[in-house]
Amino acid sequence: MLPSADPAVALTRYYSWWRRSAPSSSLSSTSLSTLDVLDVLGPQRLSDLATRERISQPGMTGLVTRLATAGLVERTSDPDDGRVALVRVTDAGRRALTEFRDTRSAELRRRLEHLDPQDRRALELAVPALERLMSGDPA
């Protein structure tokens, strides 16, 4: 199949490849994504995590329970509303996430070494646009 010049198609194909090529982990992709959200955005309500990860609230409750049992997250009280629980990543969760990121990054760097310098430079130049795309701020 020929590569697409359409960035939306190319990014969709890239995302599928990225998920398939993830290093082996005892954590599911949803668990890793949830840890990433907590690491980047800080403590979150269960309902907000469920919405962000596009899973049901009971599904997120079960996931958070498993992550808490493994010591990767903990529930805390919301300082603004004691009736609400927040979920936050623990140091052990951060270490697990860092280990996964490092393994994945090392594999991607290995693949990048096989590209010619022009292709690597094109990818470097695309990083700011990709960061804006992920942040939701296309400006």
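Where is the place of leucine 130? Leucine 130 sits in helix H6, where helices (H or I, at least four residues) and strands (E, at least two) are DSSP runs numbered from the N terminus. The model described here is predicted, so local features need pLDDT of at least 70 and side-chain atom pairs count only at pLDDT 80 or more, while totals for chains, interfaces and linings use all residues. Residues are numbered from 1 along each chain as its sequence is written, and side-chain values use heavy atoms, with hydrogens and water left out.

With 35% relative accessibility, leucine 130 is partly exposed; buried means under 20% relative accessible area, exposed means over 50%, and partly exposed is in between (1.4 Å probe, protein chains only). Leucine 130 belongs to a nonpolar surface patch together with Leu11, Tyr14 and Leu133, and the four have about 350 Å² of accessible area together. Such areas come from the Shrake-Rupley method with a 1.4 Å probe, and for residues only the protein chains shown count as cover. Patches are made of residues with over 30% relative accessible area and no salt bridge, joined within 9 Å for like charges and within 5 Å for nonpolar side chains (Val, Leu, Ile, Met, Phe, Trp, Tyr). At least two residues of the nonpolar patch come from helix H1 (7-20), and at least two from helix H6 (117-135). Proline 128 is also found in helix H6, and its relative accessible area of 41% makes proline 128 partly exposed. Between the C-alpha atoms of proline 128 and alanine 68 there are 35 Å, with 60 residues separating the two along the chain.

Attention now turns to a pair of helices. Two packed helices are described by the angle between their axes and the distance between the axes. Helix H2 (residues 29-41) and helix H5 (residues 91-112) have axes that come within 10 Å and cross at roughly 115°. H2 is therefore roughly perpendicular to H5. Axes are lines fitted to C-alpha atoms, for helices over the stretch in contact, and angles run from 0 to 180 degrees between N-to-C directions. Angles under 35 degrees count as roughly parallel, over 145 as roughly antiparallel, 65 to 115 as roughly perpendicular and the rest as oblique.

Charged pairs complete the picture. The structure holds 10 salt bridges, each being a side-chain nitrogen of Lys or Arg within 4 Å of a carboxyl oxygen of Asp or Glu. One of them joins aspartate 36 to arginine 101, with the closest N and O atoms 2.3 Å apart. Because aspartate 36 lies in helix H2 and arginine 101 in helix H5, this pair ties together parts that are 65 residues apart in sequence. Aspartate 36 is partly exposed at 30% relative accessibility, and arginine 101 is partly exposed at 29%.

A salt bridge also forms between aspartate 78 and arginine 45 (3.8 Å, N to O). Here distant parts of the chain are linked, 33 residues apart: aspartate 78 is in strand E2 (residues 73-78) and arginine 45 in strand E1 (residues 44-45). Aspartate 78 is buried, at 10% relative accessible area, whereas arginine 45 is partly exposed at 33%.

Within helix H5, arginine 111 and glutamate 107 lie four residues apart, about one turn of the helix. Salt bridges with shared partners also join Asp36, Asp39, Asp91, Arg94 and Arg101 into one network.
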